[in-house]
Amino acid sequence: MRLGRRSVIALALITVIGVAAFGWPLLADSASGLAHSKDAPWLFAALLPLLLAVVMATIADTGLDAKAVAMLGVLAAAGAALRPLGAGTAGIEPMFFLMVLSGRVLGPGFGFVLGALSMFASALLTGGVGPWMPFQMLAMGWVTMGAGLLPGADRLRGRVELVMLAGYGAVASVAYGTVMNLQGWPYIGALASGVSFVPGDPLPENLSRFLAYCLATSLGWDLPRALVTVVASLTLGPAVLKALRRATRRAAFEAPVTFEDA
């Protein structure tokens with residue numbers, strides 16, 4: 001599905017808000033009293049209408065119809081069902097490969113909404129609702145959107161495409177964990193540790209502590225997630241891509257509607 005002007009504007013707006021939501025603690029002073037548990041409800045309140053705006057912009061740009069909405073629901077449900085299979089066990093999350101492949105076939109606008117809705121549905125399914133949920137929705141939306149922005153969507157096929165998607169999935173899996181660390185890292189600011197966040201400290205010093213924090217805490221989850229994504233993409237990718245592309249062709253999402261005299 002192509003990305004039109006309205007879709008680009010909506011995605012750019014939600015991305016800017018998301019970057020600000022993740023990164024503003026790095027620029028906060030020591031008296032800011034920062035805590036993501038306070039700003040998360042506001043982010044969630046802003047995220048829902050922006051997701052709706054992306055959907056509406058996609059409808060306006062591509063004529064997204066009931067068939068596409070049905071596919072969105074099915075894929076979001078599948079992603080939500082896959083996540084509990086490995087979540088919490090050494091970072092093994094099989095939903096990532098499905099999000100990457102779906103974003104590749106269905107495009108960045110559809111992909112962003114799919115990634116965010118899948119995280120929302122999985123949080124409801126597993127009871128994982130909390131201040132981290134809107135940040136997970138944004139991060140997964142970016143992962144799926146990025147897959148839709150990869151080059152060669154119309155011409156690149158076969159082994160080369162699978163290797164590209166597997167490589168992107170590995171990088172995106174580690175990047176997801178790194179970005180999500182920004183949501184939880186400020187909580188440990190009161191601890192006396194070389195990896196703690198210190199409000200008001202120079203940005204380079206906080207970034208060096210953040211890197212140490214990622215290496216010490218999340219890398220053991222991020223690397224298995226990347227490995228599972230690579231293996232699943234290379235082994236299951238051909239069948240999943242074929243099924244998604246076949247369903248897209250049969251649904252004829254972008255088929256022009258014409259009226260003829262009886």
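A: Before we start on this predicted model: rings of Phe, Tyr and Trp count as a pair if their centres lie within 6.5 Å, and planes over 60 degrees apart make the pair edge-to-face.

Q: Thanks! How many aromatic pairs does the structure hold?
A: There are three aromatic pairs. One of them joins Phe 22 and Phe 135, edge-to-face, with 5.1 Å from centre to centre and 70° between the planes.

Q: And where do Phe 22 and Phe 135 sit in the chain?
A: Phe 22 is in helix α1 and Phe 135 in helix α6, so this pair links distant parts of the chain, 113 residues apart. Both residues are buried. Together with Trp 142 they form one aromatic cluster.

Q: Why is the pair of Phe 96 and Tyr 176 called edge-to-face?
A: Because the planes of the two rings are at 80°, with the centres 5.1 Å apart. Phe 96 belongs to helix α4 and Tyr 176 to helix α7, 80 residues apart.

Q: New topic: is Ser 233 buried or exposed?
A: Ser 233 is buried, as its relative accessible area is 0%. You'll find Ser 233 in helix α9.

Q: What does Ser 233 touch, leaving out residues up to four places away in sequence?
A: Phe 97, Leu 162, Ala 166 and Pro 238. A polar atom of the Ser 233 side chain also lies 2.7 Å from the backbone oxygen of Thr 229.

Q: What about the surface, which residues make the nonpolar patch?
A: Leu 211, Leu 215, Leu 219 and Leu 223 make a patch of about 370 Å². Helices α8 and α9 each supply at least two of its residues. Leu 211, in helix α8, is exposed, with a relative accessible area of 52%.

Terms used:
Residues are numbered from 1 along each chain as its sequence is written. Side-chain values use heavy atoms; hydrogens and water are left out. Helices (H or I, at least four residues) and strands (E, at least two) are DSSP runs, numbered from the N terminus. Buried means under 20% relative accessible area, exposed over 50%, partly exposed in between (1.4 Å probe, protein chains only). A polar contact is a pair of N or O atoms within 3.5 Å; within protein, one must be able to donate a hydrogen and the other to accept it, and residues adjacent in sequence count only if both atoms are side-chain atoms. Contact means heavy atoms within 4.5 Å. Patches are made of residues with over 30% relative accessible area and no salt bridge: like charges are joined within 9 Å, nonpolar side chains (Val, Leu, Ile, Met, Phe, Trp, Tyr) within 5 Å. Accessible areas come from the Shrake-Rupley method with a 1.4 Å probe; for residues, only the protein chains shown count as cover. A salt bridge is a side-chain nitrogen of Lys or Arg within 4 Å of a carboxyl oxygen of Asp or Glu. Rings of Phe, Tyr and Trp (its six-membered ring) pair if their centres lie within 6.5 Å; planes under 30 degrees apart count as stacked, over 60 as edge-to-face and the rest as tilted.
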